[in-house]
Every structure is written in structure tokens, then in C-alpha cells.
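Good morning, colleagues. Please have the structure open while I speak.

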Amino acid sequence: PGTDVAAATPRATLSFGQAVTPWSLAAGDYELTLTEGGNPANVLLTSTTFTVPAASTAAFVIVSGGNIGPASPGVMVLDGSAANVVIDKNTGAELRVLNGATDTLPRDVALNSQFAPPAFTNVPFATDTAYVPLAAGNNTVDVTPAGNPGVSELNQSLAITINTRYTLLFSGDAGALKHALVPDDTRRISTEAKVRLLNVAQPFALVDFFIVQPGTDITTVLPIATIAAPGASTVLSIPPGTYDVALRENGTTNVLAGPQAITVAGGGIYTVLGVSGADAASAGVVLLDDF
């Protein structure tokens with residue numbers, strides 16, 4: 001840390017697909033910097049500080065895109081037991097919003113008390129917005145009725161990590177919204193479909209989500225996730241193919257939505273959003289991202 005890269009000798013200069021002979025380092029704290037070959041003034045990435053323990057081995061793999069966030073390039077750190085991502089300490093984050101308010105009316109979302117204009121204007125119900133840049137650290141979010149910044153329905157501090165994309169999900173009755181902040185996994189894997197389940201369905205305390213082979217009787221299988229509102233599952237990896245999606249009120253036999261057919265492909269990133277239905281005994285499904 002603190003080394004003047006412009007005056008330093010690079011450890012290696014690599015073309016695509018090349019590797020370098022391993023070298024030894026003293027145990028301690030380090031930063032990894034990538035520059036354009038032969039041009040140290042063009043810095044592509046400067047990592048946060050990481051510790052190299054004694055008697056350890058590691059491999060650094062330069063990949064195209066940060067995979068978890070907006071930075072490019074990214075660096076995968078493979079230590080033999082787990083894969084981590086070395087991220088650029090100078091990179092911010094990105095945020096998008098999903099409006100799940102029970103009344104289905106549009107909302108404005110302001111960041112850090114900037115209401116004129118807000119970062120997200122007239123956000124429609126159950127529709128994902130584009131991502132906007134956001135500084136790492138604590139950020140304040142305010143949700144108000146569209147065009148009415150004087151009425152606060154949600155005021156919340158968000159802890160934001162560098163080089164991460166987030167979805168801010170909010171739901172509930174007008175004037176009393178609740179939120180969930182969910183980090184997005186944007187790394188694509190060609191042999192798998194990535195699916196995340198989000199829930200804003202009211203008035204159910206918990207909703208069971210099913211992703212099953214077509215024609216499966218959901219009373220014979222366990223749900224793939226059980227989620228409160230607002231809330232999210234982990235990112236699920238499933239084989240490419242066609243499935244049925246269904247929602248059920250947790251602890252009952254009350255099927256809230258589905259079965260609804262979906263088709264997912266390898267390398268795809270998909271979001272299934274559970275929303276309130278036409279009455280208090282039903283829900284709906286909204287398909288987002290790569291659907």
C-alpha cells in the first residue's frame with residue numbers, strides 16, 4: 001500500500017490467456033494494481049488492501065468485468081478453497097428500485113435528501129428501474145408519493161459497499177412502507193440459470209415459492225424458498241429448461257398464484273417477483289430481468 005505505481009516495475013505484463021511463473025512474497029498487506037501494458041498512467045484497477053498470510057498460496061485471475069458490480073476489469077482470487085473478488089477501491093456502487101407498495105401507485109425515491117429532482121421519478125409498480133451510481137458508505141433513501149416530496153413514506157439509511165449493484169425493494173401500505181436492500185449477483189455462468197425470488201405480496205406473513213417440473217403437485221414437494229414481504233431469496237442456480245412457478249401461503253394449502261410456466265437459459269439472470277393479487281386470498285407473479 002502506498003507504492004507509486006508509475007515508478008514501480010510491474011510484476012508481469014500479460015496478453016490474454018497468458019500466465020506468469022509464481023513468485024514469493026513476504027507475508028503482509030498488499031494492494032494489486034492493473035495498468036494498460038506499457039502505460040502505467042492508465043490505471044485499470046487498484047484493489048483494496050488484502051493480507052497475504054505466511055505459508056499460503058494464491059492465484060490472481062484477471063477477468064473481463066467485475067461480475068458482481070459495475071467495475072471493470074475484475075480480479076478473481078483463487079486460494080484453493082474459495083473464490084473471492086478483488087475489487088477496485090476507487091469504484092462506487094449502483095442502485096435500482098422496485099416499487100411494491102400495496103396500492104400499486106407510483107413513487108419517487110430520493111437519495112441523500114436530493115428531492116429536486118429525485119434519483120428515481122414516478123417509479124411504477126412492480127417494474128425494475130435502471131441502475132444509478134451511488135457512493136459507497138452510508139446513504140439515505142426517502143420514498144414519497146410521486147410528485148409529493150413533503151410526505152415521507154420511508155426514510156432509511158443504507159450501508160453501501162463498493163463495486164456492488166443493489167436492488168432496493170419496498171412494500172406495504174401507503175405511508176408505512178418497509179424496505180429490503182438486496183445485493184445483485186450479475187455474474188453469468190453459461191451452464192446455469194440464476195434465479196432470484198422477491199416478495200412484496202400482502203397481507204401474507206410468509207409466502208412459499210415453488211419452482212418445479214411442469215405438472216408437479218406442489219403438495220408433494222418442499223418450497224424452494226419461504227419469504228416475508230419485503231424480502232428476497234438467495235440467488236438460486238438451476239439447470240436450463242422449462243419449469244412451473246407457484247406461490248402458496250406458508251402454513252396452509254392456499255395456492256396464491258400459479259402454476260405459471262417459465263423458461264430459463266444457461267447464462268441467464270432471472271427475477272421472479274411475488275405481488276399482491278386482486279383480493280386478500282391471492283397473489284400474482286411478475287417476471288423481470290432476462291425473462
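Predicted model: local features only at pLDDT ≥ 70, side-chain atom pairs only at ≥ 80, totals over all residues.

Residues are numbered from 1 along each chain as its sequence is written, and side-chain values use heavy atoms, with hydrogens and water left out.

Let me begin with the cores. By nonpolar core I mean a set of buried Ala, Val, Leu, Ile, Met, Phe, Trp, Tyr and Cys residues joined through side-chain atoms within 4.5 Å. Buried means under 20% relative accessible area, exposed over 50%, and partly exposed in between, with a 1.4 Å probe and protein chains only. The largest nonpolar core has 23 residues, and V195, L197, L247 and V264 touch the most other members. Among the elements that give two or more residues to this core are β16 (193-199), β17 (207-212), β21 (241-249) and β22 (255-264). The largest contribution is that of β22, with four residues. Helices (H or I, at least four residues) and strands (E, at least two) are DSSP runs, numbered from the N terminus.

A second, separate core has 19 residues, including V97, V109, V132 and F170. In soluble globular proteins, nonpolar side chains tend to be buried together.

I turn to D208. This residue belongs to strand β17 and is buried, with a relative accessible area of 2%. Which residue does the side chain of D208 meet in a polar contact? The partner is the side chain of N250, at 3.0 Å; a polar contact is a pair of N or O atoms within 3.5 Å, where, within protein, one must be able to donate a hydrogen and the other to accept it, and residues adjacent in sequence count only if both atoms are side-chain atoms. Leaving out residues up to four places away in sequence, D208 also touches L247, among others, where contact means heavy atoms within 4.5 Å.

Finally, the backbone. Most residues other than glycine have a negative phi, and most peptide bonds are trans. The bond from A116 to P117 is cis, with omega near -5 degrees, and P117 sits in the loop between β9 (107-111) and β10 (120-123). Another cis bond runs from G258 to P259, with omega near 5 degrees; P259 lies in β22.

N122, in strand β10, has a positive phi of about 55 degrees and is partly exposed at 44% relative accessibility. A126 has a positive phi near 60 degrees but is buried, at 8%.
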